Amino acid sequence: MDPFLKAALDEARIGLEEHGIPIGAVLVIDGEIVGRGHNRRIQKRSPILHAEMDCLERAGRLTAADYSRSILYSTLSPCDMCSGAALLYKIPKIIVGENQTFHGPEDYVRSRGIELEIVNDPQCIALMEEFIANHPALWNEDIGLPISNSAP
């Protein structure tokens, strides 16, 4: 596994250990991790702390030149909000651990000039499949779906 994707997966596992949603991200500039994060919506009672947003926040204030040389690694296909942040800062490339359990606006992101590389790593897929099976209400909340108390 790519060492940067592994770092993002490590972040996802930290999130799971914290009883959060196991999605992780790292921001890499010139071959060095400058930011790392994991989904902390549950832990911080935050509406926006998806892994990519946490990663960007932890990277701190960067210049446009920094972002133009960056690669964002995420264990899961970024949602509309996280894709929007990548578009806003003109991050040129996103490497996605998997898009089998969730498929963000990938075609739109590509149409705006961001290169997407979908890895579909078995570890990333298994981590999310297990979480979704065990915590469907938390998962639905995270991706903005209504939480239903009735069985399907």
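Leaving aside neighbours within four places in sequence, which residues is Leu 72 in contact with? Select Leu 72 and you'll find Ala 25, Val 26, Leu 27, Glu 52, Cys 55, Ile 91, Lys 93, Ile 94 and Ile 95 in contact with it. Keep in mind as you go that this is a predicted model.

Leu 72 belongs to the largest nonpolar core, which has 26 residues. Leu 72 is one of the residues with the most contacts inside this core, and so are Ile 23, Leu 27, Ile 91, Ile 94, Ile 114 and Trp 139. Colour the elements that each supply at least two residues of it: strand S1 (24–29), helix H3 (51–59), helix H5 (80–88), strand S4 (93–96) and helix H7 (122–134). Another core, of 8 residues, lies apart from it, with Leu 5, Val 26, Val 28 and Tyr 73 among them. In soluble globular proteins, nonpolar side chains tend to be buried together.

Now pick Lys 93, one of the contacts of Leu 72. Show its side chain along with Glu 115 and Glu 117. Lys 93 forms a salt bridge with Glu 115, where the closest N and O atoms are 3.6 Å apart. That pair links distant parts of the chain, with Lys 93 in strand S4 and Glu 115 in strand S5 (residues 115–118), 22 residues apart. Lys 93 also meets Glu 117 in a salt bridge (3.5 Å, N to O), and this pair too joins S4 to S5, at 24 residues apart.

Move on to helix H1 (residues 3–17) and select Glu 11. Glu 11 is buried, because its relative accessible area is 5%, under the 20% cut-off. Beyond residues up to four places away in sequence, Glu 11 touches Gly 24, Ala 25, Arg 36, Gly 37, His 38 and Arg 58.

Stay on H1 for Lys 6 and Asp 10, which sit 4 residues apart, about one turn of the helix. Their side chains meet in a salt bridge (3.1 Å, N to O). Lys 6 is partly exposed at 42%, and Asp 10 is partly exposed at 30%.

Last stop: select Asp 30, Asp 66 and Arg 69, which are linked in a network of salt bridges. The salt bridge count comes to 10.

Methods: Residues numbered from 1 in each chain as written. Predicted model: local features only at pLDDT ≥ 70, side-chain atom pairs only at ≥ 80, totals over all residues. Heavy atoms only, no water. Buried < 20%, exposed > 50% of the residue type's maximum accessible area, 1.4 Å probe, protein only. Contact = heavy atoms within 4.5 Å. Core = buried A, V, L, I, M, F, W, Y, C linked by side-chain atoms within 4.5 Å. Salt bridge = Lys/Arg side-chain N within 4 Å of Asp/Glu carboxyl O.
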